[in-house]
Amino acid sequence: SSTSRLVESGEKERLMELLRERLVECGWRDDMKALCRAYARKKGRNNVTLDDLIHVITPKGRASVPDAVKAELLQRIRSFLMSSSLW
């Protein structure tokens with residue numbers, strides 16, 4: 001499958017690293033940290049679990065990934081699939 005080809009080739013890891021870089025560059029990572037801190041302050045640091053943070057922050061995080069970052073990743077995946085004759 002195309003997913004296993006992405007993993008086996010190491011391309012998935014390269015894409016994940018690219019994503020991490022882009023999210024840091026655009027300030028997304030800092031924004032998510034700030035949201036987590038604000039949530040913890042609001043609820044009380046001792047009253048917040050990792051599961052709480054994941055439940056609250058994940059939808060906001062997914063929705064706020066810049067379109068340019070999504071487009072770049074999609075293009076990289078398409079290029080990989082085409083060069084692998086999988087598309």
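Predicted model: local features only at pLDDT ≥ 70, side-chain atom pairs only at ≥ 80, totals over all residues.
Trainee: Does H3 pass H4 in a right-handed or a left-handed crossing?

Mentor: H3 passes H4 in a right-handed crossing (the near helix is turned clockwise from the far one by less than a right angle; anticlockwise is left-handed). Both are helices by DSSP (H or I runs of at least four residues, numbered from the N terminus).

Trainee: What angle do the axes of H3 and H4 cross at?

Mentor: Roughly 140 degrees, and the axes come within 10 Å. That makes H3 oblique to H4 (under 35 is roughly parallel, over 145 roughly antiparallel, 65 to 115 roughly perpendicular, the rest oblique).

Trainee: Which residues make that contact?

Mentor: From H3, Trp28, Met32, Leu35, Cys36 and Tyr39. H4 brings Asp52, Leu53, Val56, Ile57, Lys60 and Gly61. Contact means heavy atoms within 4.5 Å. By class, the contact of H3 with H4 has eight nonpolar, one polar and two charged residues; Gly counts as polar.

Trainee: New topic. How do the axes of H1 and H2 cross?

Mentor: At roughly 80 degrees, coming within 4 Å. So H1 is roughly perpendicular to H2. H1 covers residues 2-9 and H2 covers residues 11-25.

Trainee: And which residues meet there?

Mentor: Leu6, Val7 and Ser9 in H1 meet Glu11, Lys12, Arg14 and Leu15 in H2. That contact divides into three nonpolar, one polar and three charged residues.

Terms used:
Residues numbered from 1 in each chain as written. Heavy atoms only, no water. Axes fitted to C-alpha atoms, helices over the stretch in contact; angles between N-to-C directions. Helix = DSSP H or I, 4+ residues; strand = E, 2+ residues; numbered from the N terminus.
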